[in-house]
Structures are given as C-alpha cells and as structure tokens.
Amino acid sequence: MESIIIIVFVLGYLAITLEHNLKLDKLIPALIMMAVCWAIVALGVDSFSNWFDSANHGLVDGFASMAHDDKLHLVEETLLHHLGKTAEILVFLLGAMTIVEIIDYFDGFSTIKGYVNFKGKKKLLWMFSILAFVLSAIIDNLTATIVLISILQKIVKTREDRIWFAGLIIIAANAGGAFSPIGDVTTTMLWIGDKVSTGMLFTYLFVPSLLCMVVPTFIATFLPAFKGEIDYDENEVEKPKSPHSAKMLYLGLGAILFVPVFKTITHLPPYVGMMLSLGIVATFAEIFSNSKFSISTVEGEQADEHESGAHHSPVHSSLSKIEMPSILFFLGILMAVAALESLGILFNFADSLKQGIPLMGTELAGTGVSDLVVILLGIGSAVIDNVPLVAASLGMFSESLDNPLWHFIAFSAGTGGSMLIIGSAAGVVAMGMEKIDFFWYIKKISWLALIGFLVGSLAFIVIRSFV
C-alpha cells in the first residue's frame, strides 16, 4: 500500500511540475493527490506496519497490533493535527495577502516610483535589486516581484532591456525572502513549525542572502546589457491615485513587520499577530475610504468598483482579489506530504539519505546530514516546487529549534529556485508578465543565480562555524 501512495504522489507531483505543458492549474492535481492519498490510508489502514507520530517525531509503538477502530481513530487524530498545522500557514498567508491588496487598493506601491530620478542602467539595476531584496523580506518574494516588474514596465520601455532587469529581480527577491520569516512561504513554514526563530534566521542567513543578491548584481553590471542609459521621460511616471498612498504603504509594511515582534512578545502563533495587523490596517483603510479625501477620483475600472455598493469597502475589494488558487494548492500539497509523513515514509527516507550520501568533511552540527544533501535540495528546488520539498524535510528531520540544518534548508530552498525561471513563484510570475523564454533565462541568468547560490552557501558554512 505504501508503494501505491508513493506512485500517486509522484504522478501528482509530475502533473504539478508540468502544469504549463498540461495546461492544468497545479491546484487540481494537488487537491486530488491529497484526497486520494488519505483515502488509501483510511481504506488500507490495516495493511500498514508503521505509523509516525508528528507530535513526538517518532514511530508509534505497537501500531501493527492495534485494533482496527483504534487505528482509524489514530488516523483521524493525525489528520486533524496536520490540518491544524496547515491552517496556521494558510490563515497567516491570507492575512498577509489581504494587507498587500489593501495597499494596492490605495495605489500605495506607486510611491516607490518617486525614487527613480536617474537614467543609468547600472544605477537602475542596483536600485531594483536592493528594492527586491528589501521588499521581499517584508511582503514576500512573489508580491515584491509583481510590484517591481509593474513599476519596471512604467520606466523601461524596451522589452529587451526589461527582461534583463526582471532576471536580476528574481534572484534578488528570492534572496531577500530567505532571511525573513515572512519573506517566503517555505521560510514561513519553518518559522510557524518552530524550526527557526526570527533572530537566529537573520543571524545565520542575512549575510549569505545579501551575497546571493550582491554578487550576481555586481557581475551583471559588467555585462553589455547594463551599459548606457534608458530612454526615460520623468513626466510619464504616474503619480499616486490617492492622497493616502504613502500612508497606506508604510502602515501596511509596518503592520506586517509587527507580526514577528508580536510572536516574540506573546509567544502566540504568528497567524494571531497577522490577524491583529490586518484588523488595524483594515480599520485605517475604511477610515480613509470614507473621508472626503477618499480615492473616488481613481479612474477606470477601480473607480467603478468604488461607486458600486458591493465593492465600496476596500477590505471587501481586497479580499475578492486574494489568490485563492495558491491557498488551495498549499492546502493540497501540504496535506499530501503529511500522508507520506504519517506512514513513516519520509522518516525512513531521511535515514537513507544520511547513510547513503557521504559527509565529505562537512556536517550540519551533529545531525549526520551532509551539507551536500541540503545543497542538492536547493538545486532540486529549481526543478521541483520548493514548498513540498520543505514540507518533506519537516517530516524527514527531527532536529530542534534553530538547528543550523533548518536555516540551511531555508536558504537553499529559497534561493536555489532562481537557477531556473520555473523554479520559484517569483520566476513563474515574471515569466508570465514579461513572456521570458525558458531557454533565454538558462543562457543569460541561470549562471548568475548559480554563482550567487554557491557563494551564499559557502558564506553560510563559514558563519555556522562562528555562531
């Protein structure tokens, strides 16, 4: 029965990876895979000899000799446990996404355009790379990429120039998301799962992440694509459509940054702090939208929405734009991986990795896990979605909070995806927005991403020896 579940998972995973070829949204195979895996577990519960207790991170003693009803009860308890852990991540993401949409409702991100007052390509490259690095640490790498490429399209008119900037934005955004607990879905998973803390994540990964951004950007400044100036008319840059744009931008970003502080003070799960932040941002959004300085002057479709009663509320409007397909995909993939974890499959696979891959002189703090394993995980994340990879690692390894293993996994999974344009959410969205060719990216950008990844990995190994 274990073999059947593994086959279902591999087929579902393959469908997710080939979503563009199959023209099938990845949430569909993820949800089907989740339901089928758990159905097989429930129907064949008497056929399994092992059961993994996630709470104690070990196999359940005497599972094979349990009565049928006791096994089903254990399955239900385990399913509820994993659903609760998954819900923590999804509610957190819903709150963060809503705050970002509220900022966008007030056209808050247009404030960033005001900082562009030069035409040199090198200066523009550094500005976008630094902005991507900083923004992705606050609003996550996917949203930061969307925001910056939207601004890029207003400033750089030539597509041949834009795709070069977009390639470096992907690298910088993924690097910035790695050192922040709210910068990438995978890092958020490790943070909510009590594998990494905010302070130690910053201590271990800020310098490696910074180098992962700086080194490729520095090398790129010597390429012909970033020589000279862009054709840019300052008058073409749109001004914010709302007088509250800047206020909502700073309020929204500050509210998201408050979440780790709230968790540190109260020791409550992060989604509680995110809901508090959302409530505060939503309150000011309602006040601003109902004031005499409201954004009723916004032109086009957005203005029509404000004039209609159904969409007058900025909160309702923002909630209607949430990426629910992404939320459902995370639900499906995390619960499918949970099925593999519950049967002890991931636990046994981790032991095989520890024994099968030599340490090569480097080992992660007494874990018995080679650095090579984690580096290969990072390279693999360029081909396979990093969310299930990290979800699998949570079930494979039992190391305690802030063990260097978890921080290296956060870095590798977060930045390794930059090596292929399909290897990260930031890359996929940039590919769609600018119609970037897969093979163009491999020839022009992948080698830069690989250098940044390797330099960052080396920096982590050095820092680990001093922390």
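A: Let us begin with a single residue in this predicted model. Lys121 counts as buried, because its relative accessibility is 9% and the cut-off for buried is under 20%.

Q: Which side chain does Lys121 meet in a salt bridge?

A: The general idea is that side chains of opposite charge can pair when their charged atoms come close. Here the partner of Lys121 is Asp161, with an N to O distance of 3.3 Å.

Q: Which residue does Glu434 meet in a salt bridge?

A: The side chain of Glu434 meets that of Arg162, and the N to O distance is 2.8 Å. This pair links distant parts of the chain, since Glu434 is in helix α19 (residues 425–434) and Arg162 is in helix α7, 272 residues apart.

Q: Are Glu434 and Arg162 buried or exposed?

A: Glu434 has 3% relative accessibility and therefore counts as buried. Arg162, at 12%, counts as buried as well.

Q: How many salt bridges are there by this rule, and what is the case of Lys71?

A: The count comes to 5 salt bridges. One of them joins Lys71 to Asp46, whose closest N and O atoms are 3.9 Å apart. Lys71 lies in helix α4 (residues 68–105), while Asp46 lies in the loop between α3 (27–43) and β1 (52–53), so this pair ties together parts that are 25 residues apart in sequence.

Q: How do the relative accessibilities of Lys71 and Asp46 classify these two residues?

A: Each residue is judged separately. Lys71 counts as buried, because its relative accessibility is 2%. Asp46 counts as partly exposed, because its value is 45%.

Q: What is the wider setting of these pairs?

A: The protein has 21 helices and 2 strands. Of its 467 residues, 54% are buried. Among contacts between residues at least 6 apart in sequence, 77% join residues at least 24 apart.

Key:
Residues are numbered from 1 along each chain as its sequence is written. This is a predicted model: local features need pLDDT of at least 70, side-chain atom pairs count only at pLDDT 80 or more; totals for chains, interfaces and linings use all residues. Side-chain values use heavy atoms; hydrogens and water are left out. Helices (H or I, at least four residues) and strands (E, at least two) are DSSP runs, numbered from the N terminus. Buried means under 20% relative accessible area, exposed over 50%, partly exposed in between (1.4 Å probe, protein chains only). Contact means heavy atoms within 4.5 Å. A salt bridge is a side-chain nitrogen of Lys or Arg within 4 Å of a carboxyl oxygen of Asp or Glu.
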